[in-house]
Amino acid sequence: MSTDLFRVSCFGPENRLSLRRPPSWRTSGNRSCQRTHTLVKGLIAGAAGTSALNAAAYLDMAIRARSASSTPQQAVDKLADLAQVDLGDGQRTDNRKEALGALLGYGTGAGAAVCYGLLTSGMRPSWRVGVPVLTGLALIGSDGPLTALGVTDPRQWSASAWISDVIPHLAYGITAYVAYELLRS
């Protein structure tokens, strides 16, 4: 299957977005067009990586019969307090925290892959470089804000807690790398 269907290009008389590939799409000097390509590839790769992360986390929950992490909801609670936003009462509050916590995860996944695209623009890192960079960006993007908000402290995590965090993020890194490289070619 060709990835041309997913390639967004900036071309035409008004420089509008189009799904057609111009003959000189790689050699056009249009930096805003290149940034658009990077953004789109990053968003798609981030979505693929986030799906893999979620699947790995749910598989771990099923195998070890552990409950889902409550840290995303705790982060939403802290952010809502800081922003002085009322999330409602009772079950409505819990539902909003769960939904917003999940959306924070999707945003983190998209942001990590977009950052990767910007960092590697004009390069083609091997998987030995790309996978650890994407894994690290996702770990920093998720654990950094949680630590800054005081929701968690990775220095106090057990080995099993680290494994529960690193393995899904590694699944993210592998999947996002493969997706980004497929879109790049």
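**Figure 1. Contact between helices α2 and α3.** Pro72, Gln73, Val76, Asp77 and Leu79 of α2 meet Lys97, Glu98, Leu100, Gly101 and Leu104 of α3, where contact means heavy atoms within 4.5 Å. By class, the contact of α2 with α3 has five nonpolar, two polar and three charged residues; Ala, Val, Leu, Ile, Met, Phe, Trp, Tyr, Cys and Pro count as nonpolar, Asp, Glu, Lys and Arg as charged, and the others, Gly among them, as polar. The axes of α2 (residues 71-83) and α3 (residues 90-119) come within 8 Å and cross at roughly 100 degrees. That angle makes α2 roughly perpendicular to α3, a term applied from 65 to 115 degrees, with angles under 35 degrees counted as roughly parallel, over 145 as roughly antiparallel and the rest as oblique. Axes are lines fitted to C-alpha atoms, for helices over the stretch in contact, and angles run from 0 to 180 degrees between N-to-C directions. The model is predicted: local features need pLDDT of at least 70, side-chain atom pairs count only at pLDDT 80 or more, and totals for chains, interfaces and linings use all residues. Residues are numbered from 1 along each chain as its sequence is written, and side-chain values use heavy atoms, with hydrogens and water left out.

**Figure 2. Overview of the chain.** The chain has five helices and two strands, and its pattern along the sequence is β-β-α-α-α-α-α. Helices (H or I, at least four residues) and strands (E, at least two) are DSSP runs, numbered from the N terminus. Of the 185 residues in the chain, 36% are buried; buried means under 20% relative accessible area, exposed over 50% and partly exposed in between (1.4 Å probe, protein chains only). Among contacts in the chain with a separation of 6 or more, 69% are between residues 24 or more positions apart.

Figure 3. The volume of the largest pocket is about 1200 Å³. On a 1 Å grid over the protein atoms alone, a pocket is an open set of points where a 1.4 Å probe fits, with protein on both sides within 12 Å along at least five of seven lines, and lining residues have an atom within 4 Å of a point. Grid points are joined across faces, edges and corners, and a volume is the space filled by probe spheres set on the points. The lining comprises 37 residues, of which Leu53, Asn54, Ser69, Thr71 and Pro72 lie nearest the centre of the pocket. Two or more lining residues come from each of α1 (31-64), α2, α3, α4 (127-148) and α5 (159-184). Helix α3 gives the most, with eight residues. By class, the lining has 19 nonpolar, 14 polar and four charged residues.

Figure 4. Most residues other than glycine have a negative phi. Ala65, in the loop between α1 and α2, has a positive phi near 50 degrees. With 69% relative accessibility, Ala65 counts as exposed. In the loop between α2 and α3 lies Gln84, whose phi is positive at about 55 degrees although Gln84 is not a glycine. Gln84 is exposed, at a relative accessible area of 75%.

**Figure 5. Residue pairs involving helix α1.** Ala47 is placed in helix α1 and is partly exposed, with a relative accessible area of 42%. Its C-alpha atom is separated by 6.7 Å from that of Gly109, 62 residues apart along the chain. Gln34 is also found in helix α1, and its 35% relative accessibility counts as partly exposed. The C-alpha atoms of Gln34 and Ser121 are separated by 8.9 Å, with the two residues 87 residues apart along the chain.
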